[in-house]
Amino acid sequence: MTVSNDSDEYVILVDESDRQVGTGAKLETHKQGLLHRAFSIFLFDDSGRTLIQRRAQEKYHSGGLWANTCCGHPRPGEQISDAAHRRLVEELGLEVGLNLAFSSRYKAELDHGMTENEYVHVFYGHSLTAPFPEPTEVADVAYVGLEELKGTSLYRGAAHTAWLRHYVDNHYAQLVDMQRRCGVATIPERSTSSFVQRKEKLLG
């Protein structure tokens with residue numbers, strides 16, 4: 001899987017109503033703390049556990065920290081749902097039907113002089129397929145119940161990303177609602193042929 005270099009990526013700059021006001025280089029946007037459009041995904045299994053990932057250590061910020069299933073930014077001219085599907089494949093090798101649940105606004109100071117300042121569209125989905133992480137993106141994965149996630153000492157400490165803490169602190173009821181509704185998909189699953197071919201090639 002070829003994943004774009006962060007330094008080559010551009011994001012969509014928005015106002016407080018999520019109206020596009022321009023575009024910006026991804027790294028410079030985070031250095032300046034400019035408000036931009038983003039998405040976040042929570043996948044659930046049949047037991048209601050959510051899939052979380054530990055970001056690769058070499059990520060441009062928050063390396064080695066645990067986050068929700070997948071996060072990212074639509075590219076200029078790219079629909080948010082298309083971007084969400086794209087990143088699920090790039091990071092975890094998963095093709096899953098997604099639902100848009102809610103939007104959220106947050107800002108947080110991060111490491112390496114970066115600031116997350118995002119208008120986020122949060123999706124959820126139901127998946128029984130084992131993830132196939134891209135090692136340059138994801139160091140590890142785990143399944144965890146929402147109550148367990150909220151109560152764990154890791155969540156309250158530095159081992160979780162600022163945005164995962166934001167969702168648990170400010171949108172917990174909505175996460176529970178997504179968990180209850182995770183079997184209903186309104187955005188259809190995409191073709192899995194490219195992922196299947198890649199997995200078969202790597203596994204021999």
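This is a predicted model: local features need pLDDT of at least 70, side-chain atom pairs count only at pLDDT 80 or more; totals for chains, interfaces and linings use all residues.
Residues are numbered from 1 along each chain as its sequence is written, and side-chain values use heavy atoms, with hydrogens and water left out.

View 1. Helices (H or I, at least four residues) and strands (E, at least two) are DSSP runs, numbered from the N terminus. Of the 204 residues in the protein chain, 53% are buried; that means under 20% relative accessible area, with exposed meaning over 50% and partly exposed in between (1.4 Å probe, protein chains only). Take the contacts (heavy atoms within 4.5 Å) between residues at least 6 apart in sequence: 67% of them join residues at least 24 apart.

**View 2. The largest cavity, at about 330 Å³.** A search of the whole structure turns up 1 cavity of 30 Å³ or more. Here a cavity is a set of points, on a 1 Å grid over the protein atoms alone, where a 1.4 Å probe fits but cannot get out, and lining residues have an atom within 4 Å of a point. Grid points are joined across faces, edges and corners, and the volume is the space filled by probe spheres set on the points. The lining of the largest cavity runs to 32 residues, and Lys26, Tyr60, Cys71, Gly72 and His73 are the closest to its centre. Helix 2 gives the largest share of that lining, 4 residues. By class, the lining splits into 13 nonpolar, 6 polar and 13 charged residues.

**View 3. The largest nonpolar core, 29 residues in total.** A nonpolar core is a set of buried Ala, Val, Leu, Ile, Met, Phe, Trp, Tyr and Cys residues joined through side-chain atoms within 4.5 Å. Phe42, Phe44, Val122, Tyr167, Leu175 and Met178 have the most contacts inside the largest one. Helix 5 brings the largest share of this core, 5 residues. Zoom in on Val122 and, not counting residues up to four places away in sequence, you'll find it touching Ser40, Phe42, Asn99, Leu100, Ala101, Phe102, Tyr167 and Met178. A second, separate core has 15 residues, among them Ile80 and Leu88.

**View 4. Helix 6 (residues 172–180) and its buried residues, Tyr172, Leu175, Val176 and Met178.** These four sit on the same side of helix 6 because they cover an arc of only 160° around the axis, taken from the directions from the helix axis to the C-beta atoms. They pack against strand 3 (36–44), strand 7 (99–109), strand 8 (115–126), helix 3 (146–151) and helix 5 (162–170). On the face turned away from that buried side, look for the exposed residues Ala173 and Arg180.

**View 5. Gly125 in strand 8.** Gly125 counts as buried because its relative accessibility is 0%. Leaving aside neighbours within four places in sequence, Gly125 is in contact with Phe42, Leu43, Phe44, Val96, Gly97, Leu98 and Cys182. Leu100 is 25 residues from Gly125 in sequence and 9.1 Å away in space, C-alpha to C-alpha.

**View 6. His166 in helix 5.** With 13% relative accessibility, His166 counts as buried. Setting aside neighbours within four places in sequence, His166 is in contact with Ser104, Arg105, Tyr106 and His171.

Notes:
On a 1 Å grid over the protein atoms alone, a cavity is a set of points where a 1.4 Å probe fits but cannot get out, and a pocket is an open set with protein on both sides within 12 Å along at least five of seven lines; lining residues have an atom within 4 Å of a point. Ala, Val, Leu, Ile, Met, Phe, Trp, Tyr, Cys and Pro count as nonpolar, Asp, Glu, Lys and Arg as charged, and the others, Gly among them, as polar.
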